[in-house]
Amino acid sequence: MATIVDIGVGAAINILSAFAFFLVFALLRIQPVNDRVYFPKWYIKGLRGSPLSSGAIVGRIINLDFRSYLKFLNWMVAALQMPEPELIDHAGLDSAVYLRIYLLGLKIFVPIACLAFTIMVPVNWTNGTLERSSLNYSNIDKLSISNIPIGSRRFWTHLVMAYVFTFWTCYVLKKEYETVATMRLHFLASENRRPDQFTVIVRNVPPDPDESVSELVEHFFLVNHPEHYLTQQIVYDANKLSKLVEEKKKMQNWLDFYQLKYSRNQSKRATMKTGFLGLWGDEVDAINYYSSKIEILSKEISLEADKTVNHPKSIMPAAFVSFKSRWGAAVCAQTQQSRNPTIWLTEWAPEPRDVYWDNLAIPFVSLAIRRLIAGVAFFFLTFFFMIPIALVQSLANLESIEKTAPFLKPIIELDFIKSVIQGFLPGIALKIFLIFLPSILMLMSKFEGFISRSTLERRSANKYYIFLFVNVFLGSIITGTAFQQLNNFLHQSANDIPKTIGVSIPMKATFFITFIMVDGWAGIAAEILRLRPLIIYHLRNFFLVKTEKDREEAMDPGTLEFNVGEPRIQLYFLLGLVYAVVTPLLLPFIVVFFALAYVVYRHQIINVYNQEYESAAAFWPDVHGRIIVALVVSQLLLMGLLSTKEAAQSTPLLITLPILTIWFHLFCKDRYEPAFVRYPLQEAMMKDTLERAREPNLNLKGFLQNAYVHPVFKHDEDDVEIETDSEDGRHGPVLVPTKRHSRRNTPLPSKHSGPLSSSHSEVDGGVS
């Protein structure tokens, strides 16, 4: 059984690891040659110049200012100095609010930890229950609720503290929800003009034998939004074209590389083999080979672009529709467009950077089937993963290792090795198992067909959180209990098994403490070192970089990766809330994690990460909801635990806690969540009015014209062209071009149907 000494050894290893990462980072970040690795955001913004462009050759590579080495921790102070409003201007609201999750953890757990150590720890410690029992236990368990005798009046302390912790958590959550909602509304009101403020995406456009999708969409919105419709951009299935353009880009990079190599030494032309990875095959001239490849690809791209734009099967029944005002877009995005609720489905368009173009080619009717398949796959992934979790848990039990490998017993019995196995190894093994999981879950979310990167990340984060909850939390408790108390289960009556499980739940705090130290301490410190981007940048810089533009592309600033980071944070909220009453010793480890992570990620957001999109903190309802789930789970587990302790008088009073917590969640959902899912018409009208007063001659159609054109049509304009309407669009509704005879009963005139008689007053809604 792990002891405080084992935890101390694990803590020492992780503290030394974290300190080593910070020290190496402090040395690497001040070297001129690494400047683009540790400060890429400033280069992207054009606010930082390369130190390699001037000075002595040695000084361009190594920092010769020895005074800077004495200030290696200054980055922490610098990370905390930037005010939040400036941080929002610099990195966006998403990044600023993401940091507030860590602050929320500190606001919740610092007071809880102080109360727990002042009241709970003395109450738990001053008993000899475990010493008089036959259970396996450690000194850590003596600080937990396991050390309280069955039927003791001391359980009233745990009951009262459960109420105190719940009320404090709900109070902090409410204040934070209110603050973030206000920040979001202020951000939306004050931010610059963006295409998504005026644009909706319409999907499941019904087929029509007489009109193209473009004509049908234009006619529908001119009829139903005559005063506000401005323009539209049809969605194309350009996935094959994108692959060809990407392939051409790779070929061009290799051609540039060999041309540069030849320009440096013109006495010899480079050759290459055409087989796999250039290891075998015919030996050919590299420049001629890639030139011919690019020429072939250019022809294929031209043919595929023409097919994409003109072939009916490449035109999806969807479009980005832009309006003359934010008010008009808000009305369209938040209302039902047709009497048939399954067609002409509208929602706010993601901002152009946020669009995940590949999924726009997925037929809308197949989305339900795709999500069902993904749900079934996720179910089996989650529950089959319990097998490696059980193996990880067995590492924390010396007896199981000795039975499996008896020849290791002399080594395992050494005090230091024993402490490493129980205080460090389980956490690192579990972290290794979880490395590839986020990528798998993101693939599942993409398969489900969501059309924005922000939604993909939120859906993937939801899956990851469920996975961590089932496997890392519940799986570790259940599996650990089975391994740890197997002997007790085999030698006691069935009536006593629930009591053993109830006592064993707090005993898993040891494993979670080691996990927090590995993942939350050393893991966060490793994040700031950026070892992988550092190595990749220098490899690219040495072998592939030819121009300053190539050097910029070699940078890998990365992003916050909400789908990975937020579920991990939520796991710490869950552990903190569950063990606050059960084993308070875990709380300081949680507090250290939140404090360390806040400083590290603030530095990364300011200097490194370049967020790919801006959702104006649309993820906060998910954050709030998952903390509420953790709070309810902690209350239910405490009820189950106290029921095994024969605390008959205090246990029923806990029933009201989940009820009050759920009521609180519903209150917050009704009061604050609308700010994250709807755009108030009042705000839209105010912003439109101000904009018209400041810019009366604004050419809005020119601003929106190409905002939602597929990137493949923008990145290679020599090979790919797409026709767009360039009319000003500041006038009233135009004549509606249509080929349908049924348009003769449409109230707007048409170029093809001619003038309408006054007797025709029925509006068909654009579909007949």
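A total of 40 aromatic pairs is counted in this structure, which is a predicted model. Phe109 has a relative accessible area of 0% and is buried. Phe573 likewise counts as buried, at 0% relative accessibility.

Phe109 also pairs with Phe594. Here the ring centres lie 6.0 Å apart and the planes stand at 15 degrees; because planes under 30 degrees apart count as stacked, the pair of Phe109 and Phe594 is a stacked one. This pair, too, links distant parts of the chain, with Phe109 in helix H7 and Phe594 in helix H27 (residues 587-607), 485 residues apart. Both Phe109 and Phe594 are buried.

Glu566 is located in helix H26, which spans residues 562-582, and it counts as buried because its relative accessibility is 0%. Beyond the neighbours within four places in sequence, Glu566 is in contact with Tyr98, Ile101, Ala461, Val623 and Arg626.

Elsewhere, arginine side chains meet aromatic rings. The charged end of Arg370 sits over the ring of Phe447, at 4.7 Å from the ring centre. Arg371 lies over the face of Phe450, with a distance of 4.3 Å to the centre of that ring.

Helix H8 (residues 155-190) packs against helix H28 (residues 620-643) at an angle of about 175 degrees, and the two axes are 11 Å apart. Angles over 145 degrees count as roughly antiparallel, and H8 and H28 are therefore roughly antiparallel to each other. On the H8 side, the residues that meet H28 include Phe155, His158, Ala162, Thr166, Leu173 and Tyr177. Their partners in H28 include Trp620, Pro621, His624, Ile627, Leu631 and Leu642. Sorted by class, the contact between H8 and H28 has 13 nonpolar, five polar and one charged residues.

Notes:
Residues numbered from 1 in each chain as written. Predicted model: local features only at pLDDT ≥ 70, side-chain atom pairs only at ≥ 80, totals over all residues. Heavy atoms only, no water. Axes fitted to C-alpha atoms, helices over the stretch in contact; angles between N-to-C directions. Helix = DSSP H or I, 4+ residues; strand = E, 2+ residues; numbered from the N terminus. Parallel < 35°, antiparallel > 145°, perpendicular 65-115°, else oblique. Contact = heavy atoms within 4.5 Å. Nonpolar A, V, L, I, M, F, W, Y, C, P; charged D, E, K, R; others polar. Buried < 20%, exposed > 50% of the residue type's maximum accessible area, 1.4 Å probe, protein only. Phe/Tyr/Trp six-rings, centres within 6.5 Å; stacked < 30°, edge-to-face > 60°. Lys NZ or Arg CZ within 6 Å of the ring centre and 35° of its normal.
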